[in-house]
Amino acid sequence: MTNRQEFRQVLTHYGYFFLAWFIIQIFYNVPIKNLTGGWLEEGLLDVIKLTMWLGAGLILIACFRAKLAVERPFKPNWSFLPFYFWLIGLTGYLIFSALVRHHHLGLVASFQWRFVFQDFLIVGLCEETVFRGYFLNRLLRLMKSQQGALLLQALLFAAIHLPRYLTTYPSIAVNTMIINLVMVALLGYLFGWLFVRSHSLWPGIIVHSVWDLLVVALIG
């Protein structure tokens with residue numbers, strides 16, 4: 001395969017993944033969310049996320065390992081100092097944001113402990129496996145510009161959130177959706193940068209997970 005053919009293959013994989021996630025979100029956001037609640041709803045979402053995201057990510061990494069820039073993306077790199085700076089910095093930013101918004105620091109009324117499974121233990125692991133472990137990892141081998149690969153995967157990462165926004169009822173305001181997409185793209189770039197510099201998924205997984213949990217727990 002030429003680089004152009006491989007690039008099209010990567011985009012095709014993304015297209016199939018996007019379509020599958022869109023269909024799942026239609027069924028999740030409308031009937032499942034209306035018919036279930038509590039731990040049952042959480043369990044269904046966790047199973048779906050683990051099956052589709054983590055499962056697909058691990059399969060793609062295994063099948064295309066020879067075509068990846070980092071063949072062992074799950075190898076830890078705890079000596080990568082920028083990871084700790086970003087973790088502390090983003091945690092401090094969210095604590096400050098919570099104080100500004102709520103005038104005190106504490107769990108928001110909408111927070112439930114079952115969210116820990118999704119927002120802390122599952123989402124970061126699943127999304128980083130697919131987007132940094134496979135898509136960015138492969139784009140780094142196919143694109144001449146590292147920055148181009150980082151920007152493209154950040155945009156793709158933002159776009160994969162569209163199925164959820166578009167199938168949520170009541171619908172999300174357009175300006176809120178745009179702000180969310182910009183924030184997700186920026187975070188996607190940061191998670192990608194952490195992977196590129198550390199050659200490990202773990203810095204991004206941890207920063208991603210802590211961000212998601214603190215947003216839900218402190219900001220609401």
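The accessible surface of the protein chain comes to about 11600 Å², and 70% of that area belongs to carbon and sulfur atoms. The model is a predicted one. Eight helices and zero strands make up its secondary structure count. Four salt bridges are present, and the count of disulfides is zero.

**Overall build**

- Read along the sequence, the chain runs α-α-α-α-α-α-α-α.
- The C-alpha trace spans about 55 × 40 × 30 Å along its principal axes.
- Of the 220 residues, 45% count as buried.
- Among contacts with a separation of 6 or more, 82% join residues 24 or more positions apart.

**The salt-bridge network around Glu6**

- Side chains of opposite charge can pair when their charged atoms come close.
- Glu6, Lys67 and Arg138 are linked in a network of salt bridges.
- Lys67 pairs with Glu6, with the closest N and O atoms 3.4 Å apart.
- That pair links distant parts of the chain: Glu6 sits in helix 1 (residues 3-35), while Lys67 sits in the loop between helix 2 (38-63) and helix 3 (81-102), 61 residues apart.
- Arg138 also forms a salt bridge with Glu6, at 3.3 Å from N to O.
- Arg138 lies in helix 4 and Glu6 in helix 1, so this pair ties together parts that are 132 residues apart in sequence.
- Glu6 has a relative accessible area of 10% and counts as buried, because the cut-off for buried is under 20%.
- Arg138 is buried, at 0%.
- Lys67 is partly exposed, at 29%.

**Arg132 in helix 4**

- Arg132 is placed in helix 4 (residues 115-142).
- Its relative accessibility is 0%, so Arg132 counts as buried.
- Arg132 forms a salt bridge with Glu128, the closest N and O atoms being 2.6 Å apart.
- The two side chains also make a polar contact, at 2.6 Å.
- Arg132 and Glu128 are four residues apart in helix 4, so about one helical turn separates them.
- Glu128 is buried, as is Arg132.
- Leaving aside neighbours within four places in sequence, Arg132 is in contact with Glu127, Asn137, Gln153, Phe157, Gly188, Phe191, Gly192, Phe195, Leu201 and His208.

**Cysteines**

- Is Cys63 buried or exposed? Cys63 counts as exposed, because its relative accessibility is 57%.
- Cys126 is buried, with a relative accessible area of 0%.

Terms used
Residues are numbered from 1 along each chain as its sequence is written. This is a predicted model: local features need pLDDT of at least 70, side-chain atom pairs count only at pLDDT 80 or more; totals for chains, interfaces and linings use all residues. Side-chain values use heavy atoms; hydrogens and water are left out. Helices (H or I, at least four residues) and strands (E, at least two) are DSSP runs, numbered from the N terminus. Buried means under 20% relative accessible area, exposed over 50%, partly exposed in between (1.4 Å probe, protein chains only). A polar contact is a pair of N or O atoms within 3.5 Å; within protein, one must be able to donate a hydrogen and the other to accept it, and residues adjacent in sequence count only if both atoms are side-chain atoms. Contact means heavy atoms within 4.5 Å. A disulfide is a pair of cysteine sulfur atoms within 2.5 Å. Accessible areas come from the Shrake-Rupley method with a 1.4 Å probe; for residues, only the protein chains shown count as cover. A salt bridge is a side-chain nitrogen of Lys or Arg within 4 Å of a carboxyl oxygen of Asp or Glu.
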